[in-house]
Amino acid sequence: MSDADAALHDALETVVARNPGQRLFRQAVHEVLESLAPVVKQHPEYVEGGILKRIIEPERVVSFRVPWVDDSGVIQVQRGFRIQFSSDLGPYKGGLRFHKSVDEDTLKFLGFEQVFKNALTGLGLGGGKGGSDFDPHGRSDGEVMRFCQSFMAELAHHIGADLDVPAGDIGVGAREIGYMYGQYRKVTGRNEAGVITGKGIGYGGSWARTEATGYGLVYYVREMLRETDFSLEGSRVVVSGSGNVALYAARKATQLGATVVACSDSSGYVVDERGLDLDLLADVKDVRRERLSVYAQERGDCEFVEGRPVWEVRCDIALPCATQNELDGDAARTLAANGCRLVAEGANMPCTEEAVEVIHEKGILFGPAKAANAGGVATSGLEMRQNAGRLQWDFERVDSELDRIMTNIYATTAATAEEYGMPGDLAAGANIAGFRRVADAMLAQGVI
C-alpha cells in the first residue's frame, strides 16, 4: 500500500473510530476521501503535512441548551449546535437548520460538505453548519421569536462578521433570520449586518438570495448540457421537495424552456402534465403551508399520489432538492429505466452512495451537490460583500454574479476531473478541486 493510500485509509478509519454512530458524517467523509487518491499521490506534501488527519476533524463543536416558553406558558428546552469546521479560507460560513432531525451527526456531515462547497465558489469563505432540534412548523410567530431569541443569546458569543457567518437552511427563513439578527444586535450592541445572511432586503439583505440555490442549480445543469445533444429547452423535469430550492429551480428551468411536471413533499407527489403552476405552488407551500394535495385540488386536471417517491415519474432531468439520502439505488434504477439522462443535486447529499453508483453505471450525467447547489452560499458571500461596503446591488447584478460563479464552478469541476484522468466525473472533480484549495491554504498557514 502506498503512503497516499495508507493515509487515506487511516483517515477513514479515524473517522469511524472517533464518531461512532455518526452514519451521515462517515458517509460524507468516505465520499470525499475515495476521490482523493490521485491528488494525494501527486502531492506527497499533503500526507507529510497531516492534511488528511486535520481536514476530517472540525476546529470546534459548540453545543448548548436553548430554553424558551411556549404560548401555554410551558418551558421547553431544545439543543443548539454550531459546528465550526474550517476557517482556512475565511470566516466559517454555513446555514442554520431548525428541524426535529438535527443532531451532531447531521451538522458535522453538512459542515464537512460546506468546507468544499465554499472553496469551489472562489470566495474567501470557510465552512460550518449549525441549528437545533426545534421545529418551527405549527408554531406561532411568538413562539418562533422566543426560541430564536434564546438560541441567538448563546450563539452570539461564537459568531461575527469576520469569525462565523450563519445563514438560513431547512426551517430557517426570513422570519427566523430577522428574529435572530435582532437578538444579536441586542446582545452585542452592534449593527454588524455581515454577521448573518439571508436578511430582509430592508435591513441589509441581498436581492436574489431566496432564489439563489435553485437558480444556481439550473445554471450548473445548463453548463452540464452544453456539450450534449439535448438542452433544458423541451426537457421534461422532475423536482423533489417543494421548498425554496425546489420552487426556484422549477422557476428557472421553466424560464429556460423546460417543462417541470412533478414535485413532492413529505406526504407524496403531484404530477401536472401541463407543467406546474408555480404561482399556485408558491401560494400553497410558502404562504398557506399546506400539503400538495391542496395544490392538486385547486389546480385540477393533475394527479396527487400519496406516500410514493416522485422518482417514479418519467423525466429527462431529475433534481433532488429535498433532503439527504432521499434518492436510493432503486429510485436511480427506476429513473434510468424511464429514460432519465441527468441528475443534479439541489439538496445536500440527496443521493445515497448506491444511487450514485447506479447513476454512473447507467451513463446518466451527475451534478454533485458540492458544486451544483453552491449558488446559495455564493450569494450569501455576495451579501457579505455588499454589507461590508454598506451597499445594495440590484437583482440583475446579483443574478449575473451568481450565473458567473456557477459557470466557473462547472468549468473548474470539469477541468479538474479531466486533469486527474476522470473526464466527466464531476463529483471527483468537485471533491479534488475543493480539497486542493483548502489543503494548500492549510499548508501555507502551518500546523494550527
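Modeller: We begin with contact, which means heavy atoms within 4.5 Å. This is a predicted model, in which local features need pLDDT of at least 70, side-chain atom pairs count only at pLDDT 80 or more, and totals for chains, interfaces and linings use all residues. Residues are numbered from 1 along each chain as its sequence is written, and side-chain values use heavy atoms, with hydrogens and water left out.

Colleague: Which residues does Ile56 touch, leaving aside those up to four places away in sequence?

Modeller: Ile56 touches Ala11, Thr14, Val15, Phe25, Val29, Phe85 and Phe112. Ile56 sits in the loop between helix 5 (51-55) and strand 1 (60-69); helices (H or I, at least four residues) and strands (E, at least two) are DSSP runs, numbered from the N terminus.

Colleague: Is Ile56 buried or exposed?

Modeller: Buried means under 20% relative accessible area, exposed over 50%, and partly exposed in between, with a 1.4 Å probe and protein chains only. Ile56 has a relative accessible area of 3%, so it is buried.

Colleague: How are cavities and pockets defined?

Modeller: On a 1 Å grid over the protein atoms alone, a cavity is a set of points where a 1.4 Å probe fits but cannot get out; a pocket is an open set with protein on both sides within 12 Å along at least five of seven lines; lining residues have an atom within 4 Å of a point. Grid points are joined across faces, edges and corners, and a volume is the space filled by probe spheres set on the points.

Colleague: What is the volume of the second largest pocket?

Modeller: The volume is about 380 Å³. Of its 23 lining residues, the closest to the centre are Glu31, Glu34, Val356, Phe366 and Ala427. Helix 14 gives the largest share of the lining, four residues.

Colleague: How many cavities of 30 Å³ or more are there?

Modeller: The count is one. Among the residues lining the largest cavity are Ser86, Asp88 and Val438.

Colleague: How many disulfides does the structure hold?

Modeller: A disulfide is a covalent bond between the sulfur atoms of two cysteines. The criterion is a pair of cysteine sulfur atoms within 2.5 Å, and the structure holds zero disulfides.
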